[in-house]
Amino acid sequence: MTKLVGQLSQDFPAPVLVVQHISPDASGNALLDSLNRLGKLKCEHAKNGSIFKPGHLYLAPSNHHLMVDENGKALVTKGAQENRSRPGIDPLFRSAAVAYSNRVIAILLTGYLDDGTAGMKAIKRCGGTCIVQDPADADYPDMPKNALNQVKVNYCLPLSEMGSLLYKLVSKVPGKSKPIPKDISIEAEIAKRVLSDLPSVNALGEQVPFNCPGCGGVLWRVDKKASTRYRCHTGHAYTAASLLAEQTLKIEETMWTALRMFEERNNLLTTLARDHIGETAKSALERAALSRVHIDRIKAILMTNDKGTSSDTPG
């Protein structure tokens, strides 16, 4: 971000909205301080209801989505995570596409997995301009690569060339705006309202036989193409890759809980066997042995990753 913002001057004729994936307990102040020391754009956390000004950079607060409302003002909410992230890139891109149509310039930089790809597709469909960092120039090329694989972007270039391109783009007079596709408007409204309704999600796709790992609700498949995405009726949204990653995390959490409970059961049964005699002690030892079988099985699962190979985690 400092490399990119360093190429822009104080009189940059458009507002810059930024989503960066940071942990919920981080403030983002370190990034803002670094950006403000450049003496370029005025950089601040976005505030709900504020009006975007040219030459200003607005950073999404941690654990909050940053979006654009129908009046072009900042909408800062604590809605459901999208692609396991809050703030998420897709809610910002999608809302900007609905509010500004072909006047939006979207930039996707370095990062893991594929957050931002669906939002970039929405911007492209609404006539906006899509810029992706050259994966060879990115520290973490997943996000740029996924966007390039699924979106016919307008530009793919290194950070060092983005500043001059942005000045060329903002100096152009935009053409006639396109009508906003209904599905993009629906998804933007779902994120803005925080809680969606069943008719809205039903209009986007069909139910699938697995649940949302975020809330346990039913999931709908939004797109049947290679870039399949999923939504639940409470607002969580996932690409296939982020859904698989979240399912894997939930499975691991469940397995660790099961391991703890079987260990506690084994300890209790061992104690009962030690404190009693006769059939009671014998039954407790047999059940403790069965618990040990389950413990060993769970440990074997935990020691194997989802690719079927042993992990490096010590036993």
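Which residues line the second largest cavity?

1. Basis of the note. This is a predicted model, in which local features need pLDDT of at least 70, side-chain atom pairs count only at pLDDT 80 or more, and totals for chains, interfaces and linings use all residues. Residues are numbered from 1 along each chain as its sequence is written, and side-chain values use heavy atoms, with hydrogens and water left out.

2. Cavities. The structure holds 2 cavities of 30 Å³ or more; a cavity is a set of points on a 1 Å grid over the protein atoms alone where a 1.4 Å probe fits but cannot get out. The second largest cavity contains about 30 Å³ of space, a volume being the space filled by probe spheres set on the points.

3. Lining. The residues that line the second largest cavity are E82, N83, D90, R94, R229, Y230, A237, Y238 and T239; lining residues have an atom within 4 Å of a point. At least two residues each come from α3, β11 (229-232) and β12 (237-239), where helices (H or I, at least four residues) and strands (E, at least two) are DSSP runs numbered from the N terminus. With 3 residues, β12 provides the largest share of this lining. By class, the lining of the second largest cavity has 3 nonpolar, 2 polar and 4 charged residues (Ala, Val, Leu, Ile, Met, Phe, Trp, Tyr, Cys and Pro count as nonpolar, Asp, Glu, Lys and Arg as charged, and the others, Gly among them, as polar).

4. Helices α3 and α7. The axes of α3 (residues 89-100) and α7 (residues 182-193) come within 9 Å and cross at roughly 120°; axes are lines fitted to C-alpha atoms, for helices over the stretch in contact, and angles run from 0 to 180 degrees between N-to-C directions. α3 is therefore oblique to α7 (under 35 degrees is roughly parallel, over 145 roughly antiparallel, 65 to 115 roughly perpendicular, and the rest oblique). On the α3 side, R94, S95 and V98 meet I184, S185, E187, A188 and K192 of α7, contact meaning heavy atoms within 4.5 Å. These residues divide into 3 nonpolar, 2 polar and 3 charged. R94 of α3 takes part in this contact and is also in the lining of the second largest cavity.

5. Helices α4 and α5. The axes of α4 (residues 117-125) and α5 (residues 142-150) lie 9 Å apart, at an angle of about 40°. This makes α4 oblique to α5. T117, M120 and K121 of α4 make the contact with M143, N146, A147 and Q150 of α5. The classes in this contact are 3 nonpolar, 3 polar and 1 charged.

Key: On a 1 Å grid over the protein atoms alone, a cavity is a set of points where a 1.4 Å probe fits but cannot get out, and a pocket is an open set with protein on both sides within 12 Å along at least five of seven lines; lining residues have an atom within 4 Å of a point.
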